[in-house]
Amino acid sequence: MTLSQLRRQARQALKGKWGMAVLIMLVYFVLNTVIPTVLEMVLSGGWSGWMAQEDPPFAAQLVSLLYTVALLPLGIAVYWVFLDAYRGQPLSVAVYRQGKLPLKLIGASILYGIFVFL
């Protein structure tokens, strides 16, 4: 399958769903990039302290690690949302907040990371 064929299939899957797709990716970007950066700036002592540092302080690293683990289910949900869109289903993240699924996703993501590392 060529790249142009993949691009055509992706455009077809997102037909009529572009607004929601962009909104989902924008929210994911803000949660995954902007908020951790602001938290690291605050924990590093402000803008000047953040710019002058070589390595972030331990508190910033710990908060970043915990925040990353907390966002694992959201990252997987975003992948599943777009997989569902490719399969012709509507874009919705609400399905992935049910029951113990977020905890299972965190566990599966950690195991996946361990196996990739090995």
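Predicted model: local features only at pLDDT ≥ 70, side-chain atom pairs only at ≥ 80, totals over all residues.
View 1. The chain exposes about 8800 Å². Carbon and sulfur atoms supply 69% of that area. Buried residues account for 19% of the 118 residues.

**View 2. Overall fold of the chain.** The chain has five helices and zero strands. From the N terminus on, its elements run α-α-α-α-α. The radius of gyration is 18 Å, well over the 13 Å that the globule rule gives for 118 residues, so the chain is more spread out than a compact globule. Its C-alpha atoms fill a box of roughly 45 × 30 × 30 Å along the principal axes. Of the contacts between residues at least 6 apart in sequence, 57% join residues at least 24 apart.

**View 3. Helix α4, residues 58-86.** At 1.5 Å a residue, the 29 residues of α4 should span 42 Å. The end C-alpha atoms are 41 Å apart, which agrees. A kink of about 40 degrees lies at L71, shortly before the proline P73. After α4 comes G88, with a positive phi near 95 degrees.

View 4. Which residues of α4 are buried? They are A60, L71, P73, G75, I76, A77, V78, V81, D84 and A85. The buried residues of α4 pack against α1 (3-13), α2 (18-43) and α5 (101-117).

**View 5. Confidence along the chain.** The mean pLDDT is 84, and 94% of residues reach 70 or more. Among the elements, α2 has the highest mean pLDDT (90) and α5 the lowest (82). Both α2 and α5 are packing partners of the buried residues of α4.

Notes: Residues numbered from 1 in each chain as written. Heavy atoms only, no water. Helix = DSSP H or I, 4+ residues; strand = E, 2+ residues; numbered from the N terminus. Expected span 1.5 Å × (residues − 1). Bend = angle between axes of the 7 residues up to and from the residue. Buried < 20%, exposed > 50% of the residue type's maximum accessible area, 1.4 Å probe, protein only. Contact = heavy atoms within 4.5 Å. pLDDT = per-residue confidence, 0-100. Rg over C-alpha atoms; globule rule 2.2 N^0.38 Å. Areas by Shrake-Rupley, 256 points an atom, 1.4 Å probe, with all protein chains shown as cover.
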